[in-house]
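Please read it alongside the sequence and the 3D view.

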Amino acid sequence: MRKAPGPPSLPLIGHIPAFRRDVLGLLAAGVRDYGDVVRFQLGPRPVYLVNHPDGIRQVLKTNARNYDKNTRSTRFFHDICGESLLTSNGDEWQRRRHLLQPAFHRKAVEGFTSIMREESDTLVARLDGHGEFDASSAMMRTTFRVVARALFGADLSDATINALEEPIALLLSESFARHGSLLSWKSRAFTRAMRQLDEGVATVLAAPRPETDVPDLLALMRIGDYSAVDLRNEAVTFLLGGHETTANALTWLLAYLAVRPDEQTRCARDPDALGRALSETLRLSPPIWIIERHAIGPDEIGGFSIPAGVSVVVCPYTVHRHPDFWTEPDTFDPERFHAALPPAYIPFGLGPRVCIGKEFSLMEAGIIAGTLLARFQFSPVSDSPPVPDPAITLRVRGGLRLHISPRSDP
Ligand code: HEM
C-alpha cells in the first residue's frame with residue numbers, strides 16, 4: 001500500500017494558509033495534480049481527500065462502520081447544536097434516526113406541500129412591485145418559515161425571523177473559520193449569537209401548534225421522551241440544517257438562471273426542466289460542499305493507506321467536477337440530467353447518514369422556484385459572476401442581488 005500523495009506544505013502549519021485563502025481552489029488543485037486520494041496537512045492534522053466515487057462509496061456506505069463523525073467539523077457543529085441527529089454516533093445516532101425518520105416519509109413530506117405553497121405565495125406577494133431584491137436573504141427567510149411550520153408547527157413572526165438571520169450567519173461562518181485556525185476559541189459575538197439563537201428556538205418550541213394527521217418532528221420527539229435539552233438540540237439542528245441548505249440551493253439556481261433567459265423560460269413552463277436545472281445547480285454548487293469523517297481503524301482506498309485516526313473528507317464540489325465522469329464539468333448544462341445519475345453525484349451524501357431531508361428539500365425547492373418563475377423574470381444586477389463562499393454551507397459571497405420583473409412570456 002502506498003502513502004497518498006499531496007501538495008508540498010509548510011512546516012507546522014501545513015496547508016492552513018492555502019485553506020484560509022481559497023479552500024475550494026486548494027482541493028480542486030489537489031485532485032487535479034495528485035488524483036483521487038490526496039493528503040493535506042492542516043496544522044498537526046493529516047486530512048485525506050477521497051475523490052473517486054468508488055472510494056467515496058467505501059467511506060460513506062460499504063465501510064461506513066469504520067468512519068464516524070468524531071471529527072473537528074462535527075465538534076464545531078456540536079458547539080452550536082449539541083448532541084443531535086447530525087452530531088451523534090453509533091447507537092445514539094441509530095436511535096435518533098429511527099425515531100425521527102417518519103417525519104420525512106413520503107406521505108409526511110407530501111403533507112407539507114400546502115405549507116410550501118402558501119409560503120411561496122407569501123414570498124411572491126412580498127416581491128411584487130419590487131425592481132430588485134436580495135435573493136439570498138429572501139430564500140433564507142422563506143425556507144426558515146417552511147421548516148419551522150412544517151416540522152415544528154410554528155408560524156413565526158417577521159420580528160423573530162429578522163432577529164435570527166444575522167446570528168445564524170455569524171455562528172456558521174465563525175464555526176467554519178475555526179477550521180482554518182490552530183486556535184478554537186469562541187468570540188463574544190459568537191456567545192451573543194448563541195443566546196439569540198436559543199431565544200428564537202424557544203419561541204419555535206413554545207408556539208401554538210395546529211392539529212395534524214401525521215405526527216410532525218416535534219410530536220415524534222415528544223413520543224421518544226426527548227429531554228428539554230435534546231428537544232432544543234434537535235430543533236437547532238433541523239431549523240439550521242433544514243433552511244440554510246435549501247436556501248443556498250435556491251439562490252444558486254436563481255443565479256444560474258438569471259444569466260440564461262431561455263433556460264429560465266423553459267423552467268417556468270416545464271417542471272421537468274426545472275428539476276433538471278435544480279439537479280445541475282446541486283452539482284455545480286452543492287450546499288454541503290464537504291463531508292468529514294474520522295477513520296476509526298486503518299483502511300485502504302484506491303491502493304493508498306488510510307491510517308487509523310485521520311480525518312477523511314469527501315468533497316461534493318470536486319467530485320461533481322471529476323473529469324472522468326462529467327463532460328465540460330464547469331459548464332451549467334441541465335440537459336446532462338436526462339441520463340441516469342452517475343455515481344459521482346452526491347449532493348445529499350450517501351449511505352446510512354444520507355440527508356434525512358432530501359425529499360423534503362427537493363419538493364420544497366421545486367415548489368418555491370416553480371412559483372417564483374411562473375410570476376417573475378430574474379436578471380443579474382451585477383456583471384460579475386457570483387462567487388462561492390465556502391463556509392459550513394456554500395453561500396453566494398455577499399448575497400445575490402437580482403432584478404425582478406413580472407414574467408412577460410407566461
Ligand atoms: C438542498 C438541500 C440539502 C442538501 C444539499 C443537504 C445535504 C446533506 C448532506 C450531504 C448530508 C450528509 C452529511 C454527512 O454525511 O455527513 C445531510 C445530512 C443531514 N441533513 Fe441535509 N441537505 C439538505 C436539506 C436538508 C433539509 C431540508 C433537512 C431537514 C429538514 C436536512 C437535515 C439533515 C440532517 C438532520 C442530516 C444528518 C442526518 C444523519 O446524520 O442521520 N437537510 N444533508
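In what order do the 3 strands of the open sheet run, and what is the pairing? The order is β1-β8-β7 and the pairing is mixed.

## Basis of the model

This is a predicted model, in which local features need pLDDT of at least 70 and side-chain atom pairs count only at pLDDT 80 or more, while totals for chains, interfaces and linings use all residues. Residues are numbered from 1 along each chain as its sequence is written.

## Strands and their pairing

The protein has 15 helices and 13 strands, where helices (H or I, at least four residues) and strands (E, at least two) are DSSP runs numbered from the N terminus. Two strands are said to pair if DSSP finds at least two bridges between them. In the open sheet of 3 strands, the edges are β1 (2–3) and β7 (299–301), each of which pairs on one side only. β7 and β8 (residues 304–306) are antiparallel and share 3 bridges, and E300 stands opposite S305 in β8.

Strand β9 (residues 311–314) pairs with β3 (residues 45–50) in the parallel sense over 4 bridges, and V312 in β9 is the bridge partner of Y48. β9 is also joined by 4 bridges to β6 (residues 291–295), and these two strands run antiparallel; here V314 in β9 is the bridge partner of I291.

## Overall form

The radius of gyration, taken over C-alpha atoms, is 21 Å, which agrees with the value near 22 Å that a compact globule of 410 residues would have, the globule rule being 2.2 Å times the number of residues to the power 0.38. Along its principal axes, the C-alpha trace spans about 60 × 50 × 40 Å.

Of the 410 residues, 44% count as buried, meaning that 20 or more other C-beta atoms, placed from the backbone, lie within 10 Å of the residue's own. Among contacts between residues at least 6 apart in sequence, 76% join residues at least 24 apart, a contact being two C-beta atoms, placed from the backbone, within 7 Å.

## Around the ligand

The ligand has 24 residues around it, of which G242, T245, G349, C355 and G357 come nearest; a residue is near if its C-beta atom, placed from the backbone, lies within 6 Å. The elements that give two or more residues to this shell are α11 (228–258) and α15 (358–375), and α11 gives the most, with 7 residues.

By class, the shell holds 14 nonpolar, 8 polar and 2 charged residues. Ala, Val, Leu, Ile, Met, Phe, Trp, Tyr, Cys and Pro count as nonpolar, Asp, Glu, Lys and Arg as charged, and the others, Gly among them, as polar.

Notes. A residue is buried if 20 or more other C-beta atoms lie within 10 Å of its own, exposed if 12 or fewer, and partly exposed in between; C-beta atoms are placed from the backbone.
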